[in-house]
Amino acid sequence: MRSTLLFALLFLGTAVSADEAAQPGIPSSALAEPILYRRVEIPEPLLLRQTDGDEERCFGGDLRVGDLNGDGQADFLVYRSVDNAHDGGGMKPCFLGAFTMAGKVLWQVGIGGEQPCRPGPVAVHDIDGDGACEVVCFFLDPGQEAPPASMANVVVQIRSGATGEVERRAQPAALAACSGQGPNWCHQRILIANFRGTDTPRDFVIKLGTVLIAFDQNLDVLWTYRSTWSAYANCPAYIPAVGDIDGDGKDEVNGGYSLLRADGTPYWERKLGLHMDSVAITEWDNGHVRAICSGFGHVMDERGKAVLSLGEEIVPHGQEVRVARFSAEDPAPHMLIRYNAHTPEVILVNTEGETLRRFQLNPTPNNTGMEVIYWQGPGAPAALVNGSMLWDPATETAAALPGLPEPQGPHRSGWYHCIPADICGDPREEALLYNPWDRVVYVYTPAELDEAAYTGYRPTPRQYNARLMD
């Protein structure tokens with residue numbers, strides 16, 4: 001094992017020695033040392049150069065991962081968008097560029113664009129179940145004009161992952177009619193789902209302001225749903241979550257203030273708490289799948305009963321919430337919640353609602369971006385990536401990710417996004433980090449690496465429905 005001098009041991013913001021960390025009653029960290037496996041330059045033809053006064057920026061844009069060309073290895077897709085929304089960039093993709101881990105360009109379509117203000121409407125997934133990967137995306141129709149906040153000049157496309165060629169295209173009235181502004185408009189993420197009970201997920205859903213639209217693999221609209229709440233701090237989750245909460249083989253949609261059945265009708269609608277920024281559908285108590293809701297820290301069942309409610313005093317502004325088994329001593333999941341808006345402050349809560357730890361993560365430009373990663377493999381306690389650091393929340397232990405430069409970008413926009421994926425060795429997950437305002441993808445893996453154990457990339461919802469930023 002490599003030297004562990006890299007580790008920064010943090011307890012309640014105070015550094016302690018490794019000997020102190022090993023004292024009885026203080027569990028030692030299970031983190032393996034992170035090593036930089038690959039530094040992947042986005043190929044020059046896929047970059048955009050901009051001049052802002054005396055400053056020149058060169059960047060690729062937002063990023064997705066998947067096996068685009070079918071060779072069993074992970075590839076990357078970079079995209080950019082047009083039209084301004086909220087704090088920069090836009091939600092209308094106009095450029096797509098695919099490349100391999102080795103930096104070889106596979107294909108590119110469109111021109112120009114901006115770094116999207118938030119991760120937007122692009123997903124990589126085998127949407128038709130034929131064994132080959134597709135790109136599911138919105139795309140600008142340059143032949144139509146529309147205001148920046150209108151989707152009237154946007155089409156939905158399914159493109160070949162191998163060539164980028166359009167396989168299916170549609171412009172449904174439900175999409176064209178959408179228009180909006182404000183905090184709940186700028187987050188537009190395509191989420192792959194299974195609404196029809198097919199053998200693999202062949203549907204998807206997207207939130208456009210107060211509207212949810214569900215599509216099938218043929219781009220036919222399955223259903224739409226409109227929320228009655230829209231004001232800042234009182235709107236549904238910025239990014240919904242999908243998952244099978246009732247065990248019927250079809251996915252539900254957790255919007256924070258509602259849980260929708262696979263047909264788009266509500267199981268329940270309820271104004272749970274302010275700042276419903278982040279949600280999930282995952283196992284919680286005794287294997288039961290629940291709806292996790294950051295607003296005031298809620299865990300809900302499918303009928304709308306609160307299994308857990310931390311309340312406004314404990315969670316005044318639930319900015320991000322992540323659920324995983326973080327402790328080797330406790331087999332049950334834990335909730336890690338950024339409870340005080342855009343700050344480094346987090347609490348770790350067990351299924352009984354007890355606060356196990358209250359501490360501060362490392363600051364990041366936006367104080368968002370924490371992501372669960374199964375650093376030691378699927379059967380071991382999970383770790384957490386936050387910006388440039390890898391954390392063991394059960395011990396408040398952190399390790400710096402080596403060779404990662406400070407994020408560059410205007411204002412708070414330059415931060416590191418993390419996508420977890422097993423792409424280079426044994427079943428342990430790697431952390432893919434990228435800054436949309438930069439031109440490099442960093443791939444980190446735990447020591448010691450055995451590349452001979454790699455049996456090929458297999459996509460999971462943790463890639464095609466990566467949480468990214470909330």
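1. The largest cavity has a volume of about 90 Å³. It is lined by 13 residues, and Lys207, Leu212, Tyr225, Ser227 and Pro236 are the closest to its centre. By class, the lining of this largest cavity has six nonpolar, six polar and one charged residues. Here Ala, Val, Leu, Ile, Met, Phe, Trp, Tyr, Cys and Pro count as nonpolar, Asp, Glu, Lys and Arg as charged, and the others, Gly among them, as polar.

2. This is a predicted model, in which local features need pLDDT of at least 70 and side-chain atom pairs count only at pLDDT 80 or more, while totals for chains, interfaces and linings use all residues. Residues are numbered from 1 along each chain as its sequence is written, and side-chain values use heavy atoms, with hydrogens and water left out.

3. There are three cavities of 30 Å³ or more. On a 1 Å grid over the protein atoms alone, a cavity is a set of points where a 1.4 Å probe fits but cannot get out; a pocket is an open set with protein on both sides within 12 Å along at least five of seven lines; lining residues have an atom within 4 Å of a point. Points are joined across faces, edges and corners, and a volume is the space filled by probe spheres set on them.

4. The largest pocket holds about 970 Å³ of space. Its lining comprises 41 residues, of which Val242, Ile281, Thr282, Pro461 and Arg462 are the closest to its centre. Elements giving two or more residues to this lining include strand E18 (241-243), strand E22 (279-283) and helix H3 (461-464). E22 gives the most, with five residues. The lining of the largest pocket has 24 nonpolar, eight polar and nine charged residues. Elements are DSSP runs numbered from the N terminus: helices (H or I, at least four residues) and strands (E, at least two).

5. Backbone geometry deserves a check at a few sites. Most residues other than glycine have a negative phi, and most peptide bonds are trans. The bond from alanine 447 to glutamate 448 is cis, with omega near -10°. Glutamate 448 sits in the loop between strand E36 (440-446) and H3.

6. Alanine 233 has a positive phi, near 75°, and belongs to the loop between strand E17 (221-226) and E18. It is buried (under 20% relative accessible area), at 12%.

7. Asparagine 286 also has a positive phi, about 55°, in the loop between E22 and strand E23 (289-293). This asparagine is exposed (over 50%), with a relative accessible area of 76%.

Methods. Buried means under 20% relative accessible area, exposed over 50%, partly exposed in between (1.4 Å probe, protein chains only).
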